[in-house]
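Please keep the sequence and the coordinates in view while reading.

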Amino acid sequence: MIRINANYLKLQSSYLFSEIAKRVARHQEANPTVDIIKLGIGDVTCPLPAACIQAFHEGIDAMAADATFKGYGPEQGYPFLREAIAAHDFQRRGADIDPDEVFVSDGAKCDTGNIQELFATDIKVALPDPVYPVYLDTNVMAGRTGVFKDGRYGGIVYMGCDADNGYLPELPDESVDLIYLCFPNNPTGATISTEGLKAWVDFAHEQKALILFDAAYEAFIRDDTLPHSIFEIEGAREVAIEFRSFSKTAGFTGTRCAYTVVPKACRAFDVEGHRHDVHALWTRRHTTKFNGVSYPVQCAAAAVYQPEGQAQTRALVDYYLKNAATIRSEVAKLGFQLVGGENAPYIWINTGEDAWSFFDLLLTQAGVVTTPGPGFGRCGEGHIRISAFNSHENVNQAMERIKKALK
Ligand code: PLP
């Protein structure tokens with residue numbers, strides 16, 4: 001008899017986005033002439049930078065000729081892209097990362113979801129609340145949690161992030177093995193200082209733990225004092241894995257390219273306490289289960305590191321950051337407490353009331369869609385997330401409408 005993985009039965013249905021869609025459709029049906037502005041979902045709206053498009057075309061042309069055609073490529077990515085990533089994103093900032101520590105993939109979602117396969121099912125996992133749901137759900141699927149009760153799964157160490165701790169996770173006061181961190185954060189937009197990140201690296205050493213550092217929004221960091229990579233922190237090579245993505249950096253959400261950095265020094269332990277090399281395990285996993293990113297897409301991603309690509313991707317991110325600044329300042333003027341939006345595309349607003357009621361108010365009175373915080377965890381209650389991924393025109397109009405609705 002074929003039996004299912006019963007852990008899947010513990011998963012909560014992804015109620016958030018379907019419930020948002022249902023409420024938006026209901027409002028649109030009742031008000032067919034209203035032009036609804038969507039600042040909910042975290043998808044980019046601007047096209048790919050010209051340098052990426054040109055390199056994409058060249059990559060396709062290469063597939064059309066005998067001399068340049070490519071079949072299966074290296075699963076970890078072509079050397080030209082891995083070398084550009086190591087040099088530009090790490091070595092240039094003083095982080096000691098080699099090209100063969102970079103694994104090119106089709107998404108930080110897949111990588112952050114798949115990486116947990118390398119680790120035992122009875123380890124203790126710590127993650128922030130609110131959280132990017134992939135970290136939690138993939139651990140539920142793997143059987144690392146108990147059942148869901150009162151908004152939380154048994155067996156997980158939730159690191160609550162709220163106004164009291166500046167929306168930053170605090171070091172757990174119990175022993176943990178695998179720690180998820182995300183900076184700049186989704187959904188809160190919070191960032192972490194070098195000292196703050198150093199405390200986590202030191203903690204991971206003390207605990208013999210491993211940090212999974214998701215830096216999918218690294219390109220939004222404009223404050224020069226903030227670390228862009230965990231590998232800028234001394235000692236991180238042994239205790240951390242970092243995830244990056246071209247999705248938000250260069251508009252690749254529909255094109256698909258990302259990468260994961262697993263240093264050769266990165267270690268985990270067997271049940272007897274013997275050290276094992278995580279780089280070798282991830283190499284084995286990646287080469288067994290992943291076929292690599294298509295050649296033209298890797299050409300397009302490598303163009304990000306050319307001078308024109310650098311200028312164009314910076315301008316692209318600046319475009320969204322201008323929206324974020326508008327949202328931040330208008331929401332602050334309305335008297336709300338908020339975080340994010342300065343080095344991140346998300347603004348996390350303390351609504352002072354039930355998150356879904358506030359969501360409904362903005363939808364029905366302003367025609368603006370946001371994301372209610374409880375969809376990201378219990379600590380999201382009383383908060384909404386506004387995303388800066390839209391046009392200046394739509395964001396300006398949305399803020400005018402919100403101001404009017406809340407007056
Ligand atoms: N990590 C975080 C924190 C995200 O918010 C997202 C996408 O929204 C991802 C990873 C997914 O990135 P990718 O498009 O590379 O799969």
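Predicted model: local features only at pLDDT ≥ 70, side-chain atom pairs only at ≥ 80, totals over all residues.

**Ligand surroundings, sheet and loops**

Of the 15 residues around the ligand, the ones that come nearest are Asn186, Asp214, Tyr217, Ser245 and Ser247.

**Ligand contacts**

- The side chain of Asn186, one of the residues that come nearest to the ligand, places an N or O atom 2.7 Å from an oxygen atom of the ligand.
- From the backbone, an N or O atom of Ala108 lies 2.8 Å from an oxygen atom of the ligand, while Lys248 has a polar side-chain atom 2.9 Å from a ligand oxygen atom.
- On its own the ligand has 400 Å² of accessible area, and the protein covers 91% of this area.

**The sheet and the helix across it**

- Seen as a whole, the sheet is open and consists of 7 strands in the order 2-10-9-8-7-3-6, with pairing that is mixed.
- Strand 2 (102-105) and strand 6 (156-160) each have a single partner strand and stand at the edges, so one side of each is left without a neighbour in the sheet.
- From one strand to the next, the twist averages 20°.
- Strand 9 (residues 240-245) and strand 10 (residues 258-261) run antiparallel and are joined by 4 bridges; in this part of the sheet, Glu242 stands opposite Val261 of strand 10.
- Helix 3 (residues 79-90) lies across strand 2, strand 9 and strand 10, and runs at about 115° to strand 2.

**The loop between strand 7 and helix 6**

- Two cis peptide bonds deserve attention here: one joins Phe183 and Pro184, with omega at about -10°, and another joins Asn186 and Pro187, with omega at about 15°.
- Pro184 has its place in the loop between strand 7 and helix 6, and Pro187 likewise lies in the loop between strand 7 and helix 6.
- Thr188 is found in the loop that runs between strand 7 (178-182) and helix 6 (194-207), and it counts as buried because its relative accessibility is 2%, where the cut-off for buried is under 20%.
- A polar atom in the side chain of Thr188 lies 3.1 Å from the backbone nitrogen of Ala190.
- When residues up to four places away in sequence are not counted, Thr188 touches Pro130, Tyr167, Val339, Gly340, Tyr346 and Trp348.

- Arg256 is not a glycine either, yet its phi is positive at about 75°; Arg256 sits in the loop between helix 8 (246-250) and strand 10.

Definitions and conventions: Residues numbered from 1 in each chain as written. Heavy atoms only, no water. Pairing = 2+ DSSP bridges. Helix = DSSP H or I, 4+ residues; strand = E, 2+ residues; numbered from the N terminus. Axes fitted to C-alpha atoms, helices over the stretch in contact; angles between N-to-C directions. Contact = heavy atoms within 4.5 Å. Near = heavy atom within 4 Å. Polar contact = N/O pair within 3.5 Å; in protein donor to acceptor, adjacent residues only side chain to side chain. Areas by Shrake-Rupley, 256 points an atom, 1.4 Å probe, with all protein chains shown as cover. Buried < 20%, exposed > 50% of the residue type's maximum accessible area, 1.4 Å probe, protein only.
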